[in-house]
Amino acid sequence: MNDDSAQGTMVEFKGSRRFDGIAALEAYWMSVRGNRTVPLRADIDPRGIESALDYAFIAERVTAGIVRFRLAGSQLNELLGMDVRGMPITSLFGPKSRGELVEAIEGVFEGPEVLEVGLESPAGAGKPALPAQMVLLPLKSDLGDISRAIGCFPTRGSIGRPPRRFELSGALKRTSLASEEAPVIHRRPAPRPQPMEGFAEDKAPFKGKPEAPRHAAERPYLKLVRDDE
């Protein structure tokens, strides 16, 4: 499927009744993507998705079938009743749909593809039925591999008692992206803004060997040797 076809299919998604945040995140991803197949993780500025930050997350594919949250908005923490950073994305899914969803998520990184699914957490004690939608969009790491993704997971209604886990309840849409990138238009890079608190990844501490202090050169020691013989 060529790039134009992919964008056309994504426009069709917007015709359906979508939850808060999904259209905003997708529009932002497409704007930073430009004429590339997949944008870089470094291109993402949280100020571009302020309206979706509570529902947004960054995920990392660790290996085949294992994708973990690196960053997550406050709503995802509320759904599971804990900080989800470092947890597998499958922790949000119930056993009936987990296998199918894992396969679909793999397509985001391997295709690459855009994934959009309809979900629902069934009712239980202290837990009203909770509909949700998820969109997952691929990103490249600084190394150039497609091992990151940005997503949005809004729900509609009262969360109730956590943890909440979701099963497929609606369409599962997988949109293939172009297999080859179009030529990139090189622009002068703008100064990178400071990331917003709460959606910034920790930087690894510098562990380089400190430079040894430089001491002033010592005065050379001269010894006079006389030979009177």
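How many salt bridges does a search of the whole structure find? The count is 10, and the exercises below work through some of them. Keep in mind that this is a predicted model.

**Exercise 1. Get the overall layout.**
Task: work out which elements the protein has and in what order they run.

Solution. 
- Step 1: tally the elements. There are 4 helices and 6 strands.
- Step 2: The order is α-α-β-β-α-α-β-β-β-β.
- Step 3: check burial. Of the 229 residues, 41% are buried.
- Step 4: look at contact range. Take the contacts between residues at least 6 apart in sequence; 64% of them join residues at least 24 apart.
- Step 5: finish with the surface. The accessible area is about 13800 Å², and carbon and sulfur atoms account for 51% of that.

**Exercise 2. Trace the network around Arg 18.**
Task: find which residues are linked with Arg 18 in a network of salt bridges.

Solution. 
- Step 1: start with Glu 26. Its side chain meets that of Arg 18 in a salt bridge, at 3.4 Å from N to O.
- Step 2: go on to Glu 116. Here the closest N and O atoms of Glu 116 and Arg 18 are 2.8 Å apart. This second pair ties distant parts of the chain together: Glu 116 sits in strand β3 (residues 113–121), Arg 18 in the loop between α1 (3–13) and α2 (22–33), and 98 residues separate them.
- Step 3: Arg 18 comes in at 12%, so it counts as buried. Glu 116 has 5%, so it is buried too. Glu 26 is also buried, like Arg 18.
- Step 4: Arg 18, Glu 26 and Glu 116 form a linked network of salt bridges.

**Exercise 3. Take helix α4 apart.**
Task: decide what the end-to-end span of α4 should be, and what its buried residues pack against.

Solution. 
- Step 1: get the expected span. The rule is 1.5 Å times one less than the number of residues, so the 16 residues of α4 should span 22 Å. The end C-alpha atoms are 23 Å apart, which agrees.
- Step 2: look for a bend. α4 bends by about 25 degrees at Leu 101.
- Step 3: list the buried residues. They are Ser 97, Leu 101, Ala 104, Ile 105, Glu 106, Gly 107, Val 108 and Phe 109.
- Step 4: recall some helix geometry. With 3.6 residues a turn, an α-helix has residues three or four places apart pointing the same way.
- Step 5: find the partners. The buried residues of α4 pack against β1, β2 (66–72), β3, β4 (130–139), β5 (148–152) and β6 (167–176).
- Step 6: zoom in on Glu 106. It makes a salt bridge with Arg 61, with 2.7 Å between the closest N and O atoms. Glu 106 lies in helix α4 (residues 95–110) and Arg 61 in strand β1 (residues 56–63), so to speak a link across 45 residues of chain. Glu 106 and Arg 61 are both buried.

**Exercise 4. Locate Pro 112.**
Task: is Pro 112 buried or exposed, and which residues is it in contact with?

Solution. 
- Step 1: Pro 112 is in the loop between α4 and β3.
- Step 2: read its accessibility. At 9% relative accessible area, Pro 112 is buried.
- Step 3: collect contacts, ignoring neighbours within four places in sequence. They are Thr 37, Val 38, Gly 107, Pro 138, Ile 146, Thr 175, Ser 176 and Leu 177.
- Step 4: check one distance. Pro 112 and Leu 139 are 27 residues apart in sequence, and their C-alpha atoms are 9.3 Å apart.

Note on methods:
Residues are numbered from 1 along each chain as its sequence is written. This is a predicted model: local features need pLDDT of at least 70, side-chain atom pairs count only at pLDDT 80 or more; totals for chains, interfaces and linings use all residues. Side-chain values use heavy atoms; hydrogens and water are left out. Helices (H or I, at least four residues) and strands (E, at least two) are DSSP runs, numbered from the N terminus. Buried means under 20% relative accessible area, exposed over 50%, partly exposed in between (1.4 Å probe, protein chains only). Contact means heavy atoms within 4.5 Å. Accessible areas come from the Shrake-Rupley method with a 1.4 Å probe; for residues, only the protein chains shown count as cover. A salt bridge is a side-chain nitrogen of Lys or Arg within 4 Å of a carboxyl oxygen of Asp or Glu. The bend at a residue is the angle between axes fitted to the seven residues ending there and the seven starting there.
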